[in-house]
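Please open the model in your viewer and follow the stops below in turn.

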Amino acid sequence: MSHLRGIFIVIEGLDKAGKSTQCARLVANIRDKLNKPVVQMRFPDRTTPTGKMINDYLKGDTEVDDHTIHLLFSANRWEAAPRIRELLLNGTSVVVDRYYWSGIVYSLAKERDDLTFKWARGCDIGLPMPDRCFFLDLDPTLARQRGGGYGEERYEKEAVQLKVREKFEFVFKKEDHYHVTPLNANMPVEQMEKMLLKWAESYFQQATLSGWKID
Ligand code: T5A
Ligand code: NA
């Protein structure tokens, strides 16, 4: 029996851009309004062994070499890759909170000559590619004011966030731009939610029309 495969959506952005809020709403809408099976995932997934090491690093409880932590973030995605592939092939859509673009830009923001784009991109080559990545773009001075301000985690500082935003721009220009739709995240939650739902709806329609099947 053949069926349509699931769609793979990534939500990217700076800290506090509204990614988790929108992922949860999009997943609920795909499930309840579009009646499609869907699963939500996030990176880093702090529950796995690599995720626990990442969590300790982000909390500032441990120091980890810059290349090593980059590889751990990447490994954290590779661990989940077989499941993502399997879900999509079985017709379940997957909505992911952060993906390899975050991996690249937070490492490039460290501005080390020996941590290049090519190196940072390399270890994620071969991961399942999303059908679409929405980049929630928000000025860090506005992001900072959301939800009671930045927390205590390693990158939650305005200077770091400004650098990260610059790197997102650089990376989206460099490659994969056709996979990425930048959205101005300085809008009410419900408005952004509607936009993302509309996109998902039209994508499912297109997939059905073009008979986007997997045996
Ligand atoms: N990292 C991650 C790497 O270095 N390498 C990698 O490979 C990866 C994957 C992980 C950290 O690790 C780094 C990046 C990060 O620094 P995380 O667990 O993903 O961090 O946490 P954050 O992304 O920092 O999560 P946040 O919760 O801070 O940001 P979100 O998810 O973008 O924002 P959200 O939805 O939780 O909303 C934040 C606040 O704003 C409000 C919400 O109610 C909440 O209070 N809000 C809005 N307010 C006004 N208008 C809107 N439209 C709003 N939307 C949400
Ligand atoms: Na989040």
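Contact here means heavy atoms within 4.5 Å. Axes are lines fitted to C-alpha atoms, for helices over the stretch in contact, and angles run from 0 to 180 degrees between N-to-C directions. Helices (H or I, at least four residues) and strands (E, at least two) are DSSP runs, numbered from the N terminus.

This is a predicted model, in which local features need pLDDT of at least 70 and side-chain atom pairs count only at pLDDT 80 or more, while totals for chains, interfaces and linings use all residues. Residues are numbered from 1 along each chain as its sequence is written, chains are lettered from A and ligands numbered from 1 in the order in which they are written, and side-chain values use heavy atoms, with hydrogens and water left out.

Select helix H4 (residues 100-108), which lies across E2, E5 and E6 and runs at about 25 degrees to E2.

Next, display the open sheet: its 5 strands follow the order E3-E4-E2-E5-E6 with parallel pairing (two strands pair if DSSP finds at least two bridges between them). Strands E3 (38-42) and E6 (180-184) form the edges, each pairing on one side only. Inside the sheet, 5 bridges join E2 (residues 8-13) to E5 (residues 132-137); valine 10 stands opposite cysteine 133 in E5.

Now move to tyrosine 57 and tyrosine 155, both buried (under 20% relative accessible area, 1.4 Å probe, protein chains only). Tyrosine 57 belongs to helix H2 (residues 49-58) and tyrosine 155 to the loop between helix H6 (140-143) and helix H7 (158-174), so the pair ties together parts 98 residues apart in sequence.

Finally, show arginine 154, which lies over the face of tyrosine 57, at 3.8 Å from the ring centre (CZ of Arg within 6 Å of the ring centre and within 35 degrees of the ring normal). Arginine 121 lies over the face of tyrosine 100, at 3.9 Å from the ring centre.

How values were computed: Buried < 20%, exposed > 50% of the residue type's maximum accessible area, 1.4 Å probe, protein only.
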